[in-house]
Amino acid sequence: MELRGSEILIDLVDHPGLCHRLISMCEHLQVAVDQRLRGLAGTSLEKFITNFSIHTVGLRLGDDSIVNLSPAMIQQFCLPAYGSVNQSYGGRGHVHFCSLAHSRFEHIYEALAPASEVTVVSSQFGFEYYEQQVDELRD
């Protein structure tokens, strides 16, 4: 949304091909910048630590704009992008989005939980969801 503003939400419906191209450019840029910074810092491509100093699996992708999308749009636009980025890091990845106390955006967990493209999903309230759904998520 930073690149296009809220108009991107309309573009997703009216111009999905162009949106896929834009998202693809962002995927490649994410990987290139991360790998360049890791090279400069001497950080291994196998080591992943969040901005909160928490060890995680794969690259942590912050995607707050995902809260504006339906599960179908998440599957159509986000999952392929996450999968593409995560292939550069062993096929595993971590998606984080910020949520609000009055709106926890649980539809995101439902959309991402069965997805092989994402290993970890987190938000400020994600632990509550995992606790409530742990048996289903294990299956």
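Predicted model: local features only at pLDDT ≥ 70, side-chain atom pairs only at ≥ 80, totals over all residues.
Does Ser24 count as buried, partly exposed or exposed, and at what relative accessibility?

**Start with the whole chain.** Show the cartoon. You will find 5 helices and 3 strands. Follow the chain from the N terminus, and the elements run α-α-β-α-β-α-β-α. The radius of gyration is 15 Å, close to the 14 Å that the globule rule gives for 139 residues, so the chain is as compact as a globular protein of that length. Along its principal axes, the C-alpha trace spans about 40 × 40 × 25 Å.

The chain exposes about 8600 Å². Carbon and sulfur atoms supply 55% of that area. Buried residues account for 35% of the 139 residues. Now colour by charge. There are 9 positive and 17 negative charges, and their mean positions lie 11 Å apart.

**Look at the contacts.** Take those between residues at least 6 apart in sequence. Of these, 66% join residues at least 24 apart.

**Select residues 16-41.** This is helix α2, with 26 residues. From its first C-alpha to its last it reaches 37 Å, close to the 38 Å expected at 1.5 Å a residue. Next, show the side chains of Cys19, Glu27, Val31, Asp34 and Arg38, the buried residues of α2. An α-helix has 3.6 residues a turn, so residues three or four places apart point the same way. What lies over the buried residues of α2? Their cover includes α1 (7-14), β1 (59-62) and α3 (71-87). Step past the end of the helix. Gly42 follows α2, and its phi is positive, near 75 degrees.

**Select Ser24.** Stay in α2, where this residue lies. Here is the reply to the opening question: Ser24 counts as partly exposed, because its relative accessibility is 24%, and the partly exposed class runs between under 20% for buried and over 50% for exposed. Ser24 and Val95 are 71 residues apart in sequence, and their C-alpha atoms are 17 Å apart in space.

**Move to Ala111.** Select residues 106-112 to see helix α4, which holds Ala111. Is Ala111 buried or exposed? Ala111 is buried, with a relative accessible area of 4%. Which residues does Ala111 touch, leaving out those up to four places away in sequence? Show Pro71, Ile74, Gln75 and Leu79: these are its contacts. Finish with Ser70. Ala111 and Ser70 are 41 residues apart along the chain, and 8.6 Å separates their C-alpha atoms.

Conventions:
Residues numbered from 1 in each chain as written. Heavy atoms only, no water. Helix = DSSP H or I, 4+ residues; strand = E, 2+ residues; numbered from the N terminus. Rg over C-alpha atoms; globule rule 2.2 N^0.38 Å. Buried < 20%, exposed > 50% of the residue type's maximum accessible area, 1.4 Å probe, protein only. Contact = heavy atoms within 4.5 Å. Areas by Shrake-Rupley, 256 points an atom, 1.4 Å probe, with all protein chains shown as cover. Lys, Arg positive; Asp, Glu negative; His and termini not counted. Charge placed at Lys NZ, Arg CZ, Asp CG, Glu CD. Expected span 1.5 Å × (residues − 1).
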